[in-house]
Amino acid sequence: MKMKKLMALTMAAVMGASLLTACGSGDAGTTTAAAGGDASEIQPVTITFWHGMNNKQEQSLTELTNKFNSENEYGITVELVNQGSYSDLQTKLMANAAADTLPDMAQAYNNYFTDYVDKVVALDDFVKNDYPDWDDILESYRTENSEYGKITGVPFNKSTYLFFYNKTMFDELGLTAPKTWEDLKHIGEVIKEKKDLAAIGYDSMCDMLEAALRQHGEQYVDETGALFNTAGGLETVQFIMDLYNNGYARLVGEDNYFSDSLSNGMIGGYVGSSTGVSYISTDIPGKEFELGVAPVVGDVKNAAYNAGTNLVMFSKDANKQKAVWEYMKFITSKESTLKWAMDTGYLPIRTSAYESDEWKNFMAQDITAQAAYEQSPYGFVSKASFTGSNEIRSVVSTTLNELITDKADAQTALDTLVAAINDVLE
Amino acid sequence: MKSRKPMAIAADIVKYVVLIAGALFTLLPFVWMVLSSLKSANEIVQIPPTMIPREFMFSNYAEAWAEAPFPRYFLNTVFIATVTTVGVLLTSILSAFAFSKLDFPGKKIIFSLFMATLMIPGEMLLITNFITITKLKWIDTYKAMIVPWLANVFYTYLLTQFFSNVPDALYLAAKVDKCSDLKFLFKIMVPMNKNAITTVAILSFIGSWNSFLWPLLVTNSTNMRVLSHGLVRFQSEAGTKYQLVMAASCILVVPIIIVYLFLRKYILEGMSYTGVKG
Amino acid sequence: MKRKSFKGYAYLAPVLVIMLVFTAYPLVKAIFMSFCENYSIINGSHKGINLENYKDLFEDKLFIRALGNTTLYVAFVVPLSVVISLVIANLLNSNIKFQGLFQTLYFLPYVTSVIAIGVVWRWIMNSNYGLLNYILGFFGIGPIGWLSDPKYSMTSLIIFAVWKSLAFNIMIFLAALQGISPDLYAAARVDSTPRLRVFFKITVPAMMPIIAYAFIMGIISAFKVYNEVFSLFNSKAGPVNNEAITIVYYIYDQFYNNYKYGIAAAGSVVLFLLIMLFTMIQRLPGRIKAKKEAAQK
């Protein structure tokens, strides 16, 4: 009785609300950029920058920003606002996009704003009129920031996936870091036989699959669906499943990341983010080892997965847009990107920075930077500018986990992966 | 005192064994948190883990403390948790009284609607509420972190259950004595349910103390942030500095334990009777 | 007999106003969203009002799994937690030594950081070096892959959740026990009634409203389980492929990671109806009893 009344009330409330909100389809006006390139007219202004950087990364960002604030000639003040972790930042941006209260600029992955790309200021004019050396920025980053058909951002904190390995173990077994798929199989065989351990693990399964496909000259996914239902795709999946089915590779399982396993001598090596190196401990008593870092393997091609966010602009005010652009130019300059990279373990975003003497000196004592440099020409970024791209990441990872756990054969694995991806996009 | 039967002694032994085993088990995570906060960076990732740190790294606390403006966070958190708790107690006591002792048209429907609001996950309400707060221009204010939490069905319902245990006769007698409803509520009802109200106070305080996502959503400046925001400072996309998270967690927990001990003492003081005598 | 008047509304006013703005309004909006095809939270646009979201929802195998898992979870966690807490609360309230100390110890998990609890339980349940398998080893059981073997995902989740919900229930039960009038027990002591009988004849009836509360709240919050999954499986919903996914986990994922707001809203409405159904069934015995009694009079 009570529940019936409750249902009736709820229904009435729903219908009332429908009447109220049904007409409220918001306008989808694209945020337009002010004509870039006339910095002379910038009025003193404070701009807000939301980021998800913590620890030493935040420290370095603060130093850079303080430098900009005190040295820029226009009286621009950039106010940094820490928004917690990436996922917190992502949620905050979504909520503020919905309330139309986005900050002037923010750190963001492309898949954060698939739903509100019209609120991201197009930077094409700024780049064209007021960025003399856009070509100096690494190609994969330029491609990434143009995915939506307009320039949506400038690259900022960039990392790449590298092969971290137990050099002590490799030396003992007469092994060197793998360069090709064949090398990897050989290493897997030896370590399995001599140590009864897996030789390799991947922190991110979906990124592993995409990198392997590209290494084999195949394509991965776009808005139409999976693109690897091909002979080459099958060979790639065969290679992956063989690694796992033979025990040369293993899943991360109960641990967070493979860095813990490597630190404890429980795996030969793993592919993980270049920024994760600080989480590897090489000095656990009784388990000390020398760390080796190498570029990821290649097959018919080389391909290395890049990660990290870009800086995007949301400001609607012409003066603020110009101010943000000044800051973006500053933060992506050769000097800034070098300082940033050396402070934090992220990578420079410019060819000229990579080729600079400062970076060469830095690499001489930093093996991670050295390996990252070696594979920088092969970097790619996963396409994220379509609805469902985020969901595909998680679906591919869990599906691969399941296929590997079930020791599936290659054809089954391929069919299942393709079906799972296409299912998301339907 | 009469001589005790062996059966009773055996029962007592079982009782203590169960209590101690249970206490150890429930306490384990807490002890682990404290011990982990004192481990070095390489010990915290060691497999299998150690229980007692090889070397006590008290420096973790200094490092964690330096990472965020904790004193400011602390003041904000204390203020928000206190005001929210006092406020929610007041509104819950008033509404629990209405539900348990007053009769008014539509009471059953309203109560059912109250309960119904609990049945939808809070995650679904978050963005809409955020937009409301934006429209009210409450972003970056204490109001935004306090007002939405001043009504709580969990607590209202809990107090309603306790209040309904108080015999109606008592209320009617008070009425005959020309005691006003408010006076009855605060002079008789509230003191009679001191335990329940203190429990609600503790629950509310802890809830407010630990809240994370909502305060993060509705604040934009570091000055307005709360203690739980200090905890995520040790995480990055590639890993977590667990020893520092644990140190910060310990810092976070100490004030709550103090509040609890204080309130618990207050409960026990008011009690003439402490349980079933065996 | 009490007289009906609108005075009750004065007492309810503060709660009503806040709830209208911050609960009822977003709730109604969520229900509305669930009927909008391709709803966008950003600008409120949609492709039309229909039942597409519900169709998609029930065609999604993951949601069906979430429904099953959540039901299983509720069926085990709530009764286990209430019974165990009731026993412990009674022991804590009896004349034991160090009563205050024990009460504090049982309260501490409630304040321990969620991150710490997740880390510790992942350690306790680790298949290779976890405490649980170590203890079971003495009895010749195991080793069991609590967190690595998909077969045990739900069992592990239920064990963890029962543990986690104890502190709250113990706290409210203690408050209720300490509120029971000593006179009730005095009579029993004169009769030297056995303790177990005292428990069932006096303690339980006196605590009935609070036990009912613990049950209903337990059911509601168990249906909304999310954090437990997230922290036990380390921000995943199971070791391999979402073996321990729950309805709210599914909703959260659809909303915040997949940006499918309408489907998330539809999931919330289904959850809403499900909880309503369960709380109604749960109240049924009491109501039948009341009717019978009324009929006998």
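Q: Which domains does the assignment give for chain A?
A: Domain bounds come from an automatic or database domain assignment. For chain A they are domain 1 (40–159 + 308–370) and domain 2 (161–305 + 383–425). This is a predicted model: local features need pLDDT of at least 70, side-chain atom pairs count only at pLDDT 80 or more, and totals for chains, interfaces and linings use all residues. Residues are numbered from 1 along each chain as its sequence is written, while chains are lettered from A and ligands numbered from 1 in the order in which they are written.

Q: What separates the centres of domain 1 and domain 2 of chain A?
A: The distance, taken over C-alpha atoms, is 30 Å.

Q: How many residues does each domain of chain A give to the contact?
A: Contact means C-beta atoms, placed from the backbone, within 7 Å. Domain 1 of chain A gives 12 residues and domain 2 of chain A gives 14.

Q: How many residues of chain A are in contact with chain C?
A: 27 residues of chain A meet 27 residues of chain C. Helices are DSSP runs (H or I, at least four residues), numbered from the N terminus. On chain A, α1 (2–22), α3 (86–98) and α16 (389–405) each give two or more residues to this side. The largest share, eight residues, comes from α16(A).

Q: Why does C:Pro182 count as partly exposed?
A: Count other C-beta atoms, placed from the backbone, within 10 Å: 20 or more is buried, 12 or fewer exposed, in between partly exposed. C:Pro182 counts as partly exposed because it has 14 such neighbours. C:Pro182 lies in helix α8 (residues 182–190) of chain C.

Note on methods
Two residues are in contact if their C-beta atoms, placed from the backbone, lie within 7 Å.
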